[in-house]
Amino acid sequence: MSGSVFRPRGGIDQAPLAAERKLIETIERRGVLKGAVSLGALTFLSGCDVTNERSVQSVLTAMSAWNDKVQAWLFDPNRLAPTFTLAEVVDPPRYNAYYQIEEVRPVDISSWKLELAGMIGDKRPWTPAQLAAMPQQDMIIRHVCVEGWDYVGHWTGVNLKTFLERIGADLTAKFIAFRSYDGYVSSLDMASALHPQTMLATHYAGRPLTEPFGAPLRLRTAVKLGFKNPKWLTSIEVTNAYPGGYWEDRGYNWFSGM
Ligand SMILES: Nc1nc2c(c(=O)[nH]1)N[C@H]1C(S)=C(S)[C@@H](COP(=O)(O)O)O[C@H]1N2
Ligand SMILES: [Mo]
């Protein structure tokens, strides 16, 4: 492991201690960070009998939380994800959700408002017109779903950092939690929320978002896997309490950066 990997980063309050660093080196030598955990490595690390499902689960859960910490700490808030040309944009985009496209329940945009909660100075809800009056950002980025497919998409909307500053959000908080009209939830670490390629998107390929793709407002970020891009947003909460998420609670790695 090269020394430069362990540069402390601003904004993350969990810089590993020397003892933890030793453990990281040991684990990395055993290839845990690079691939799947072998049963042998797991037995070695946990000292527990891998045939005991509950102890294995608790080790995996602990390791995953630890993994989130390390990833958050390695995350470079200044590194930009690749962008693409208009000619590469797939239109329409590719639909995915935890249910089929025929089951999408459209949001009533005439009454819709974005609700705000938690560590925010001005919690008045936002209308589509107010969002449209904010400075607009454009990005052409790759969407990557853990299921093993991806597409280049062209998104327009309000930069999330700009929005958070505008509403007086406490930017020293740890998490941003999102709720969606379909009951979906997801969350971001603050550094990823403040990344220049993280936005509240209202348009795809230059046109307002259509129903399957999150109308009227969704999150789009170039630094997270697809499942951390909630569609049909209904609320945003700034919090220090770990919020988890729909897939995060079902075992997907919470950080899921890219
Ligand atoms: N509200 C909501 N947002 C969601 C999901 C969902 O089921 N509900 N699925 C996620 C997953 S797994 C993916 S890959 C992307 C798909 O976005 P797309 O349909 O615009 O390609 O939406 C994400 N956001
Ligand atoms: Mo996904």
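Visitor: Which residues are closest to ligand 1?
Guide: Arg94, Tyr151, Asp182, Arg218 and Lys231. In total, 20 residues surround ligand 1. Keep in mind that this is a predicted model.

Visitor: What does the backbone of arginine 94 do there?
Guide: One of its backbone N or O atoms lies 2.3 Å from an oxygen atom of ligand 1.

Visitor: And tyrosine 98, how far is its polar backbone atom from the ligand oxygen?
Guide: That distance is 3.0 Å.

Visitor: Which ligand atom does the backbone of asparagine 229 approach?
Guide: A nitrogen atom of ligand 1. The backbone N or O atom of asparagine 229 is 3.0 Å from that nitrogen.

Visitor: How much of ligand 1 does the protein bury?
Guide: The protein buries 99% of the 530 Å² that ligand 1 exposes when taken alone.

Visitor: Switching to the fold. How many helices and strands?
Guide: The protein chain has 6 helices and 9 strands.

Visitor: What share of residues counts as buried?
Guide: 45% of the 258 residues in the protein chain.

Visitor: And the surface, how much comes from carbon and sulfur atoms?
Guide: They supply 54% of the area. The protein chain exposes about 13,200 Å².

Visitor: Now the largest nonpolar core. Which residues have the most contacts inside it?
Guide: Leu114 and Phe163. This core has 31 residues.

Visitor: Which elements give two or more residues to it?
Guide: Two helices and two strands: helix H5 (160–166), helix H6 (190–193), strand E4 (175–180) and strand E9 (233–239).

Visitor: What does leucine 114 touch beyond four places away in sequence?
Guide: Pro125, Trp126, Phe163 and Leu217. Leucine 114 also touches Leu233, Thr234, Ser235 and Ile236.

Visitor: Last one, alanine 87. Where is its place?
Guide: In the loop between helix H3 (53–74) and strand E1 (115–118).

Visitor: Buried or exposed?
Guide: Alanine 87 is exposed, because its relative accessible area is 77% and exposed means over 50%.

Visitor: How far is its C-alpha atom from that of valine 152?
Guide: The two C-alpha atoms are separated by 9.8 Å. Along the chain, alanine 87 and valine 152 are 65 residues apart.

Conventions. Residues numbered from 1 in each chain as written. Chains lettered and ligands numbered in written order. Predicted model: local features only at pLDDT ≥ 70, side-chain atom pairs only at ≥ 80, totals over all residues. Heavy atoms only, no water. Core = buried A, V, L, I, M, F, W, Y, C linked by side-chain atoms within 4.5 Å. Buried < 20%, exposed > 50% of the residue type's maximum accessible area, 1.4 Å probe, protein only. Helix = DSSP H or I, 4+ residues; strand = E, 2+ residues; numbered from the N terminus. Contact = heavy atoms within 4.5 Å. Near = heavy atom within 4 Å. Polar contact = N/O pair within 3.5 Å; in protein donor to acceptor, adjacent residues only side chain to side chain. Areas by Shrake-Rupley, 256 points an atom, 1.4 Å probe, with all protein chains shown as cover.
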